[in-house]
Amino acid sequence: EQKKPFLENLPAKKKELDERKNRIINKDDLRKAITDADQSLSDINNHIKECEVNKANSEKIRETIIKLNNCPTCQQEVSAQHKVRVIERERTAKMQIENALITLRQRNQEKGNELDKLKKELDLVIEIEKDIEKEEAEINNLELLNREINEKIANIQTLEKSKEGFVRELD
């Protein structure tokens with residue numbers, strides 16, 4: 001039986017295609033990872049905003065206590081010692097908030113990078129799946145062509161046998 005060169009590689013192409021399919025990461029898993037990373041990023045951003053508000057409040061308290069001479073509630077004079085304690089407490093709180101902000105912004109950057117990577121990976125998987133679908137269609141077309149060729153070869157062989165029979169009858 002004579003095979004066309006492009007049909008000889010068909011089994012190898014099918015095997016390669018199956019191997020590529022098996023290597024593809026599940027899109028649903030990637031989508032879940034993207035959703036989780038996006039939620040985590042949102043939580044980090046909310047925490048950053050909360051810290052920024054706390055930092056601003058701390059600064060406002062510090063500025064207010066510096067200007068304060070009398071307690072707004074009881075009208076007693078605010079001692080310098082009390083002012084120093086409040087200012088020191090707020091300075092410490094502000095430093096802790098600033099350290100937390102540094103850490104949160106770093107985590108935000110890392111999570112953003114992770115999210116970008118996951119999205120690119122999902123895009124790549126989708127692109128690979130499209131390529132695989134295209135190759136599967138090509139393989140199916142080749143298989144159909146192969147069947148048609150084999151049918152035509154069988155028809156030709158049948159016709160040749162019939163021809164031989166007619167030629168023998170004529171002789």
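Modeller: Let us begin with one pair. Glu-114 and Lys-111 form a salt bridge, with their closest N and O atoms 3.2 Å apart. This is a predicted model, in which local features need pLDDT of at least 70 and side-chain atom pairs count only at pLDDT 80 or more, while totals for chains, interfaces and linings use all residues. Residues are numbered from 1 along each chain as its sequence is written, and side-chain values use heavy atoms, with hydrogens and water left out.

Colleague: What is a salt bridge?

Modeller: Side chains of opposite charge can pair when their charged atoms come close. The term requires a side-chain nitrogen of Lys or Arg within 4 Å of a carboxyl oxygen of Asp or Glu. A search of the whole structure finds 10 salt bridges.

Colleague: How are Glu-114 and Lys-111 placed in helix α4?

Modeller: Helices (H or I, at least four residues) and strands (E, at least two) are DSSP runs, numbered from the N terminus. Glu-114 and Lys-111 are 3 residues apart in helix α4, so about one helical turn separates them. Glu-114 has a relative accessible area of 36% and is partly exposed. Here buried means under 20% relative accessible area, exposed over 50%, and partly exposed in between (1.4 Å probe, protein chains only).

Colleague: Which residue forms a salt bridge with Glu-88?

Modeller: The partner is Arg-91, and the closest N and O atoms are 2.5 Å apart. Both belong to helix α4 (residues 80–170), 3 residues apart. Glu-88 is partly exposed at 37% relative accessibility, and Arg-91 is partly exposed at 38%.

Colleague: How many residues apart are Glu-164 and Arg-168?

Modeller: They are 4 residues apart in helix α4, again about one helical turn. Arg-168 counts as exposed at 60% relative accessibility, whereas Glu-164 is partly exposed at 46%.

Colleague: Which residues have the most contacts inside the largest nonpolar core?

Modeller: A nonpolar core is a set of buried Ala, Val, Leu, Ile, Met, Phe, Trp, Tyr and Cys residues joined through side-chain atoms within 4.5 Å. The largest has 14 residues, and Leu-30, Ile-34, Leu-115 and Leu-118 have the most contacts inside it. The elements giving two or more residues to this core are α2 (10–23), α3 (27–67) and α4. Of these, α4 gives the most, with 7 residues.
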